[in-house]
Amino acid sequence: MPGGREGRQELPPQSPEEQARAICLRLLTGSPRTRRQLADALHKRGIPEEVSQQVLSRYEEVGLIDDAAFAGAWVESRHRGRGLARRALAQELRTKGVHATLVEEALGLLDSEQEEQTARELVERKLRSTRGLERDKRIRRLAGMLARKGYPEGMALRVVRRALEAEGDEDAADGLGYPGE
């Protein structure tokens, strides 16, 4: 079929710079990306390193790539939507290539009271599904759920104990091994 696949016209070959810009714009159209995510995508597509750095630097200059804004939005979205704690959020941001100082700044938006409130809400939602189980199993399930979301052990156990006490399971506090709390 003349004109290429599916009736499209053949385009002239693109320079590496044009290819890099097209790849970045296509990826950024779907969702925000970090500089490293874009650099990795360009590398996988065989774009030379110096061309990648030039295009990515230009995109940072004009504000199309902003790792600080990405990190802040990521923390807000994932904490609110999934209930993830600071530790889990930091790990996710590091795997996306966000610099450590930007990770810390973004996590600074999330205070410990807000984090603990989210942990309480998560436990409240899960509490009903553990009714009828023995006390130790409930504690393990609830604290384990919080641990998988990145909450520190002390906070997780404290929140679980208080939730079980509020529910009327007075024995729950006895099995946590944290006297005086």
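User: Which residues form the positive surface patch, and which helix gives the largest share of this patch?

Analyst: In this predicted model, where local features need pLDDT of at least 70, side-chain atom pairs count only at pLDDT 80 or more and totals for chains, interfaces and linings use all residues, residues are numbered from 1 along each chain as its sequence is written. Side-chain values use heavy atoms, with hydrogens and water left out. The patch (residues with over 30% relative accessible area and no salt bridge, like charges joined within 9 Å and nonpolar side chains within 5 Å; a salt bridge being a Lys or Arg side-chain nitrogen within 4 Å of an Asp or Glu carboxyl oxygen; areas by Shrake-Rupley with a 1.4 Å probe) is formed by K126, K137, R140, R141 and R148. Its largest share, four residues, comes from helix 8 (residues 135–148; helices are DSSP runs of H or I, at least four residues).

User: Where is K126 found, and is K126 buried or exposed, or in between?

Analyst: K126 is found in helix 7, residues 112–130. With buried meaning under 20% relative accessible area and exposed over 50%, K126, at 32%, is partly exposed.

User: How much accessible area does the nonpolar surface patch have together?

Analyst: One of its residues, L25, lies in helix 1 (residues 16–30) and is partly exposed at 41% relative accessible area. Together, L25, V62 and L64 have an accessible area of about 250 Å².

How values were computed: Lys and Arg count as positive and Asp and Glu as negative; His and the chain ends are not counted. The place of a charge is taken as NZ of Lys, CZ of Arg, CG of Asp or CD of Glu. Helices (H or I, at least four residues) and strands (E, at least two) are DSSP runs, numbered from the N terminus. Buried means under 20% relative accessible area, exposed over 50%, partly exposed in between (1.4 Å probe, protein chains only).
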